[in-house]
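Subject: Structure for your review

Dear colleague,

Here is the structure for you to look through. My notes on what was found in it follow below.

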Amino acid sequence: MNLLETPIEYLKGVGPQRGDLLRKELGIHKYADLLNLFPNRYIDRTRYYKINELQNSNSEVQIVGKIINIKTVEQGKGKSRLVATFIDETGQMELVWFQGQKWIRESLKINVPYVIFGKVSQFGATYNMAHPEMELLEEHKASLRSAMQPVYPSTEKLANKGISNKVINKMMQQLFVETQALFSENLPNYLLDELKLIPKNAALFNIHFPKSQDLLAKAQFRLKFEELFFIQLQLITKNLIRKHKIKGMPFEKVGENFNNFYKNHLPFDLTNAQKRVLKEIRNDLGSNAQMNRLLQGDVGSGKTIVALMCMLMAKDNGFQSCLMAPTEILANQHFNGITELAKELNINIKLLTGSTKTADRKIIHEELENGKLDILIGTHALLEDKVQFHNLGLAIIDEQHRFGVEQRSKLWKKNAIPPHVLVMTATPIPRTLAMSLYGDLDISVIDELPPGRKPIQTVHRYDSNRLKVWKFLKDEIAKGRQVYIVYPLIQESEKMDYKDLMDGYESISRDFPLPQYSISIVHGKMKPADKDEEMRRFADGKTNIMVATTVIEVGVNVPNASVMVIESAERFGLSQLHQLRGRVGRGAEQSYCILMTSHKLSNESKIRMETMVRTNDGFEISEVDLKLRGPGDIMGKQQSGVLNLQIADLVKDKEILQLARYHAIKLLKDDAPMEKPEHAKLREAFIELSKKKTIWNYIS
Ligand code: ADP
Ligand code: MG
């Protein structure tokens, strides 16, 4: 039996009670878990300070010296502290304890050399150290420890129950003694050579007991690579298996509808990026495997027409398709846009949302089941049990991160054979996240905007400048343009936000009075029909200003609207700001985005405003966002499970991730089942790991 599988309480010095704590607090069940508890940071203990060198710097230092006396000092109210005088050849200081005084007093030795470690502070002329870590100099010299002292993750409970960092350190030493540090290598030798990785043994030793800065860095590199490499192996294997196992429904031909549309009805030339992406999708659809592709394209990059053309391919091959959007407004808009694009084609397209009338619903259900309906566009309503397709060949999902995994898999389950899936998102995902979260997906990127677009000009203005901003809006409206004014609506402060919106609407109505100006308002509390009506009035140019909450965030397309004012912009996240800004800049006119904030801005808000003003590039913005918020926050809890990395960091270790992915792909291309003798160890470790940690599955 593998020693590392031994339950943790059997480790000398642990026992049942501590074992229980380790399990509950740190998830350490067996030796292997402790071994993989990596330090958060290291304290440099290469240096020993003299007492006359101490400064009031609040930093941690270690000093060699002796205790010459101990006394209890009464503090009143029945409280006391224990104070020891500690000396070396250069001076004296005080050591102080508030807790555990009795036990400490009994265990301290007088006139014996100690090494003490902790933070010093100064009171008057005397330096003191409260609750120092102490070790007899003799033991200090003998112990298995290194100059770079690890600091392990801990919890308050552990600390309170006496499992201090020092104790964890001792356990780790014991672990290395009991196992004789014989940890088997799991990476193939040729990879170690090629990447100059240190062996597993050396890496584990130096991560816990670094012999030098250099070896520590090598150990970290090796272990980070290993962690990311195994995740990539898992993701890519999953992709391969899916392609192998899940037979798709090959769309064998590019047929008459597609060709007819392409030759005769394209309203504009496709951009090169659109053409490239269509080719990538076409390849997937034509192959024998199920497509599972993420289509990333910044707002306004033209994903809708790509979606339509894919659905035409489905139709040409005798399949139905559906397009699911997160909101009614968006579903409506897709429906209108796509019906318009396809008006010369003989295609049956229908819309299904929460507000579809029962009679229409019945017709849709029937036509779906008897195959008369070609394309169904809608909202979550598509997921209802009653919606049964005759033969769903392609499911397109717009703005993916608004749908949960479960919801998506519902669509997936509607067929005996899973349909091809295309997920479209306008929120660019940083490359590193895409690679690790969606590593099992294929990714297409539309990285080019249609020609003739003028980049949106973005400015940041303080509330105190509102009059000037209003003047600017009036000038633009005089030129025939339309304006969005958006208010935040955050669930937690919904009531306040709603009040802000209404107050804003009132004051805007006063500043932009009828009959010269007319104003639309759209917010979440309105009935869908009323919302649509207001949207339509604005889209038809009947109103000049649209006052709204973030319901207009995604997808809405009104080309004549050229100014976006975002109120309390500091309360929006970067990706949301970018999405909102994407509502303008859709027509031929110069467009503007005005970020209104108060004067009080946090540093992070300042960075967000600066980033928005500096760039229109969604990918660049997503990278800044990742740095500011970290991966967990960006993707949400549910999706960040895979990001519970032990040692690697997706923001800092981008290069290592890329390296790991590259080598994982290369290895699996060469030997997907990992059957070659040089991959035996790897395979073993891979299987072991897959048992424990299943990578979050994107779609199924
Ligand atoms: P998004 O990717 O944000 O969904 P849309 O599909 O809504 O973008 O397209 C935005 C606008 O650009 C639409 O008005 C669309 O008609 C137009 N458009 C898309 N592709 C092109 C192109 N190749 N040339 C010119 N205009 C295009
Ligand atoms: Mg869109």
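The buried residues of helix α17 are V469, W470, L473, E476 and I477. Viewed down the helix axis, these residues sit within an arc of 120 degrees, so they line one face of α17. On the other side of the helix, L467, K468 and A478 are exposed. The cover over the buried residues includes the strands β16 (457-462), β17 (482-486), β19 (545-548), β20 (561-566) and β21 (592-597), together with helix α18 (494-511). Please keep in mind throughout that this is a predicted model.

The length of α17 can be checked against its residue count. The helix runs over residues 466-478, and at 1.5 Å a residue its 13 residues should span 18 Å; the C-alpha atoms at its ends are 18 Å apart, which agrees. Just after the helix comes G480, with a positive phi of about 95 degrees.

One of the strands covering α17 is β19, and A548 lies in that strand. Is A548 buried or exposed? Its relative accessibility is 0%, so A548 counts as buried, the cut-off being under 20%. Leaving aside residues up to four places away in sequence, A548 touches I485, V486, Y487, L501 and V522. Between A548 and I521 the C-alpha distance is 5.6 Å, while the two are 27 residues apart in sequence.

A529 gives another case. This residue belongs to helix α19 (residues 528-539). With a relative accessible area of 56%, A529 is exposed, because the cut-off for that class is over 50%. A529 and G300 are 229 residues apart along the chain, and their C-alpha atoms are separated by 26 Å.

Next, the chain as a whole. Its 700 residues include 52% that count as buried. The secondary structure comes to 25 helices and 21 strands. Taken along the principal axes, the C-alpha atoms fill a box of roughly 95 × 70 × 45 Å. Of the contacts between residues at least 6 apart in sequence, 74% join residues at least 24 apart.

Now the nonpolar cores. The largest has 49 residues, and the ones with the most contacts inside it are L187, F225, L228, F229, L233, L376 and L682. Helix α9 (residues 213-245) supplies the largest share of this core, 8 residues. As for L233, its contacts are A664, L667, L668, M674, L682 and F686, again not counting residues up to four places away in sequence. Another core, of 42 residues, lies apart from the largest one; F258, V277, C310 and I396 are among its members.

The helices are α10 (residues 256-265) and α12 (residues 303-316), whose axes come within 7 Å and cross at roughly 145 degrees.

Last, some backbone points to look at. Most residues other than glycine have a negative phi, and most peptide bonds are trans. Where are the exceptions?

- K196 has a phi near 50 degrees, a positive value in a residue other than glycine. It is found in the loop between α7 (189-195) and α8 (200-208). K196 is exposed, with a relative accessible area of 70%.
- S568 has a positive phi of about 45 degrees, although S568 is not a glycine. Its place is the loop between β20 and α20 (574-581). S568 counts as partly exposed, at 24% relative accessibility.
- The peptide bond from L514 to P515 is cis, with omega near 0 degrees. P515 lies in the loop between α18 and β18 (519-522).

Regards

Terms used
Residues are numbered from 1 along each chain as its sequence is written. Chains are lettered from A and ligands numbered from 1 in the order in which they are written. This is a predicted model: local features need pLDDT of at least 70, side-chain atom pairs count only at pLDDT 80 or more; totals for chains, interfaces and linings use all residues. Side-chain values use heavy atoms; hydrogens and water are left out. Axes are lines fitted to C-alpha atoms, for helices over the stretch in contact, and angles run from 0 to 180 degrees between N-to-C directions. Helices (H or I, at least four residues) and strands (E, at least two) are DSSP runs, numbered from the N terminus. The expected span of a helix is 1.5 Å times one less than its number of residues. Buried means under 20% relative accessible area, exposed over 50%, partly exposed in between (1.4 Å probe, protein chains only). The arc is that of the directions from the helix axis to the C-beta atoms. Contact means heavy atoms within 4.5 Å. A nonpolar core is a set of buried Ala, Val, Leu, Ile, Met, Phe, Trp, Tyr and Cys residues joined through side-chain atoms within 4.5 Å.
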